[in-house]
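The following questions and answers are meant to be read beside the sequence and the model. Please try each question on the display before reading its answer.

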Amino acid sequence: EAPAAELDAVLGGGGWDVGASFEGPPPPTGPIRLGRNACYVVLAVLFNEEDGVLLVQEAKPECRGKWYLPAGRMEPGESIVAAMRREVKEETGLECEPLTLLALEERGPAWIRFAFLARPTGGTLKTLEKADAESLQAAWWAGDPSALPLRAPDILPLLDLAVRYCRSPPHPPTLPQELPCALLCLRLLVAFANDAGDLWVLLGMAGTPHLPVVACGTSPAELRGGLRLPVLQLLRDCLPPDPHPGPLGLLGLQHRAGGPGGADGVCFNVLLSVPPGSPGAAPPEPRSPTFRWWPVEEQSLRGRILQRLRAAA
């Protein structure tokens with residue numbers, strides 16, 4: 001039987017138990033720990049009713065006086081959303097609530113940034129009189145942010161994403177789900193759809209059929225390769241090299257502060273698509289019996305998967 005409940009949860013932005021078995025390369029022997037083998041950063045984009053964006057003036061010596069979005073490192077024992085709220089409060093004086101995850105930026109476990117769209121819910125905007133080690137002040141900026149002396153221009157694409165999302169959301173609201181995960185791993189929804197309207201999903205068959213889950217290591221090579229290296233290794237081992245699966249986006253993520261053994265792992269639910277080689281084609285035969293394509297015939301589930309494929313997640 002297909003894992004209908006797991007597919008339903010993942011497509012809806014929810015989470016699912018990771019379990020202890022993984023496909024692909026062997027998982028690391030130790031858990032993910034912030035400050036030891038992982039660094040998570042949170043960042044928030046907030047707009048006011050006049051479409052001004054909330055910016056902070058940096059107090060750090062290396063970038064003092066320059067402007068940036070509220071951002072900072074997540075602390076051990078914090079949830080991702082709690083870290084975002086804390087950083088916004090410390091740097092701007094405002095309370096906020098998250099609306100959706102806008103982007104995930106990563107360089108492997110060594111650096112992952114969670115960029116949120118949020119809205120203000122209270123507090124008092126920090127002025128120069130309240131300057132401290134966190135920031136000099138905060139301000140609502142309605143002009144072109146690139147006209148300011150920015151700490152770095154990497155926030156400009158995130159601002160564009162936020163504006164586009166506010167105008168016409170390309171995906172449902174996506175927020176972290178409170179589920180434990182000892183490692184940094186990716187749950188893969190690999191879909192194959194042909195022009196005849198047929199749809200298949202790749203399942204791992206070790207034990208109960210499930211969406212494949214691959215764990216990310218923390219060796220120097222794995223750190224350099226980022227989160228996609230173990231995914232590429234898994235797909236290379238279980239599918240023919242052509243056509244090559246392409247990533248379409250993040251469906252959701254799960255994390256619980258102080259997970260098993262104090263771990264800070266995260267599971268990312270990722271959508272990938274294998275392009276059909278010809279009209280009416282069937283999916284490429286898996287190289288390993290531990291994987292199997294499952295034909296999706298239930299109309300509601302088919303529609304949801306196809307909609308996410310068309311929207312690129």
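**Reading the model**

Q: Which residues does leucine 186 touch, not counting residues up to four places away in sequence?

A: This is a predicted model, in which local features need pLDDT of at least 70 and side-chain atom pairs count only at pLDDT 80 or more, while totals for chains, interfaces and linings use all residues. Residues are numbered from 1 along each chain as its sequence is written, and side-chain values use heavy atoms, with hydrogens and water left out. Contact means heavy atoms within 4.5 Å. With neighbours up to four places away in sequence set aside, leucine 186 touches Pro212, Val213, Val214, Cys216, Leu227, Val231, Phe268 and Val270.

Q: Which residues have the most contacts inside the largest nonpolar core?

A: A nonpolar core is a set of buried Ala, Val, Leu, Ile, Met, Phe, Trp, Tyr and Cys residues joined through side-chain atoms within 4.5 Å. Buried means under 20% relative accessible area, exposed over 50%, and partly exposed in between (1.4 Å probe, protein chains only). In the largest core, which has 48 residues, those with the most contacts are Tyr40, Phe114, Leu184, Leu186, Leu188 and Phe268.

Q: Which helix gives the most to this core?

A: Helices (H or I, at least four residues) and strands (E, at least two) are DSSP runs, numbered from the N terminus. The helix that gives the most to this core, with five residues, spans residues 80-92 and is α2.

Q: From which domains does this core draw at least three residues each?

A: Domain bounds come from an automatic or database domain assignment. The protein is divided into two such parts, domain 1 and domain 2. At least three residues of the core come from each of domain 1 (4-32 + 181-312) and domain 2 (39-167).

Q: How many residues does the second, separate core have?

A: Among the residues of this second core are Leu43, Leu69, Ala103 and Ala162. Its total number of residues is 19.

Q: What distance separates the centres of domain 1 and domain 2?

A: The contact between the domains takes 17 residues from domain 1 and 15 residues from domain 2. Taken over C-alpha atoms, the centres of domain 1 and domain 2 are separated by 31 Å.

Q: Which residues does UniProt list for "domain: Nudix hydrolase"?

A: UniProt positions are given in the numbering used here, feature names are shortened, and annotations may be inferred rather than shown by experiment. The stretch 37-163 is 17% helix and 37% strand, with its end C-alpha atoms 34 Å apart. In the unreviewed UniProt entry, the residues listed for this domain are 37-163.

Q: Where does aspartate 51 lie?

A: Phi of aspartate 51 is near 65°, a positive value in a residue other than glycine. Aspartate 51 counts as exposed because its relative accessibility is 60%. Its place is the loop between β1 (40-46) and β2 (53-57).

Q: Is histidine 255 buried or exposed?

A: Histidine 255 lies in the loop between β11 and β12. Because its relative accessible area is 2%, histidine 255 is buried.

Q: What distance separates the C-alpha atoms of glycine 261 and arginine 33?

A: Glycine 261 is found in the loop between β11 and β12. Glycine 261 is exposed because its relative accessible area is 60%. Glycine 261 and arginine 33 are 228 residues apart along the chain, and their C-alpha atoms are separated by 9.6 Å.

Q: Which residues does leucine 156 touch, not counting residues up to four places away in sequence?

A: Leucine 156 is found in helix α3 (residues 155-167). Leucine 156 counts as partly exposed because its relative accessibility is 25%. Leucine 156 and proline 145 are 11 residues apart in sequence and 7.6 Å apart in space, C-alpha to C-alpha. With neighbours up to four places away in sequence set aside, leucine 156 touches Pro145, Ser146 and Leu150.
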